[in-house]
Amino acid sequence: MSVNGVKITADAYLVCLTHALSTEKEEIMGLLIGEIDENRICCVSAVILLRRSDKQADRVEISPEQLSDASTQAERLAHQLQRPMRVVGWYHSHPHITVWPSHVDVQTQSMYQMMDEGFVGLIFSVFNQEKSTKHNRIQVTCFQSINQSPEGEPPQLMRLEVPLYIAPADCISKPCLDSLVNMPRILCQEEEECYLRTTQVPDMDLVFRIHNGAVFTEALCHIMEVISGPLMQTLEHRLQQNKAHIAELRQEKEELEKQLADEAAGKISDSTRQDPESPYKTTSV
Ligand SMILES: [Zn+2]
C-alpha cells in the first residue's frame, strides 16, 4: 500500500534544502528518516546525508552498504529519541533542471518500493532560472512509482505525485543539527577522495599536479564560503536568539512567581476580613 502523504518537519526540510544548494554542478543525495503513521502519512523528522563515491551531473546512486549503514544509524536514533525511526525515503537534487523525476529516478524509486512499499522520493530542483524574471527558483516534488501495465505484461512505470506538507518546528532538533554540522565535512571528504585519486596516477606531469592541488584548494575554499561560513553565522544568530529567549522566559517566570506570591498573601488577608454582605459576624469584637 502506498502512502497518502508526506509530512516533513521544517528542520529536516532545511537540512535537505541546504544540502541541495551546496552543489551547483552535480546532484547530491541523502536518506529520509522517520516513520509511517496509522493514516499512512510518512512523517520525516531526520536526514542522513550520503557521500557520493562517484560524482555525476545527472544521476545519483545509493550503494547497498550505504543503505545498511543508514538503517543502523536510524536504529540508533530510534533508541536515542525513544520512538520508532527508520529509513522511509530518499532525496536528491536536480541542479539547473526541472523538478520532475527522470526515467532512471522512477526506475530507482520502484526498486526501493519493492523492498518497502511506503518508500518515498523527494526531489529538489535548484539553480533553475526562470526565463522571464531571471530569478533562481527552488521547487520540490514528492513521488512514488506505479506500474501502469496490466498483470503479466512488461511493467510500464509512471511517477505518482505524493502530497507534501512541511510541519513547522520551533527549534532545530539534535539529529538535524548534527546533519547540518556534518555537511561541510562530507563535502570536503568527497572532494579529497577525488583529489587523492589523481595523485595515484603514476608519472603525472608536474604542472598537472600543481593544477590538481590548486583545484582541490579552490574546492575547499568554496565549501567554506558557501556552507561553513553561512552555517556558522546562522548558528551564532540562533545562539543569540536562544539566549534572548531564555532571558525573556526567566523574566516571565520571575513576574509570575511574584504575582503568585502576591495572590497568596492577598488570600490570607482576605480570609481574616469580614464579608460585608453576610449578616453573620465571624470576628470577635
Ligand atoms: Zn533525478
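H92 is buried, at a relative accessible area of 0%. Buried here stands for under 20% relative accessible area, exposed for over 50%, and partly exposed for values in between (1.4 Å probe, protein chains only). The model is a predicted one, in which local features need pLDDT of at least 70 and side-chain atom pairs count only at pLDDT 80 or more, while totals for chains, interfaces and linings use all residues. Numbering runs from 1 along each chain as its sequence is written, and side-chain values rest on heavy atoms, with hydrogens and water left out.

The zinc ion has as protein donors H92 (NE2), H94 (NE2), D105 (OD) and D105 (OD), at 2.0 to 2.7 Å. Donors are N, O and S atoms within 2.8 Å of the metal (3.2 Å for Na, K and Ca); water is not among the atoms, so sites may look incomplete. Along the chain the donor spacing is H-x1-H-x10-D. The angles among the four donor atoms run from 54 to 155 degrees, and the site is irregular.

H94 belongs to strand β4 (residues 86-95). Strands (E, at least two residues) and helices (H or I, at least four) are DSSP runs, numbered from the N terminus. A polar atom of the H94 side chain lies 2.9 Å from the backbone oxygen of T98. The side chains of H94 and D105 make a polar contact at 3.2 Å. Such a contact is a pair of N or O atoms within 3.5 Å; within protein, one must be able to donate a hydrogen and the other to accept it, and residues adjacent in sequence count only if both atoms are side-chain atoms. Beyond four places in sequence, H94 touches residues including E27, W100, I123 and F124. Contact means heavy atoms within 4.5 Å.

The largest nonpolar core has 34 residues, and L32, C42, Y91 and F124 have the most contacts inside it. A nonpolar core is a set of buried Ala, Val, Leu, Ile, Met, Phe, Trp, Tyr and Cys residues joined through side-chain atoms within 4.5 Å. Elements that each supply at least two residues of this core include β2 (29-36), β3 (41-49), β4 and α5 (206-272). Helix α1 gives the largest share, six residues. Domain 1 (5-173) and domain 2 (201-272) each contribute at least three residues to this core. These bounds come from an automatic or database domain assignment. The C-alpha centres of the two domains lie 27 Å apart.

Helix α1 is largely enclosed by the rest of the structure, because eight of its 11 residues are buried. Among them are Y13, V15, C16 and L17. C16 is one of the contacts of L32, as are V44, W90 and Y91, with neighbours within four places in sequence left aside. A separate core of 20 residues includes L31, I62, V87 and W90.

Two loop residues stand out by backbone geometry. K134, not a glycine, has a positive phi of about 65 degrees. K134 sits in the loop between β5 and β6 (136-147) and is exposed, at 57% relative accessibility. D203 has a positive phi near 55 degrees. D203 lies in the loop between α4 and α5 and is exposed, at 79% relative accessible area.

Notes. Four donors count as tetrahedral if all angles lie between 85 and 135 degrees; four count as square planar and six as octahedral if opposite donors are over 155 degrees apart and all others between 65 and 115; anything else is irregular.
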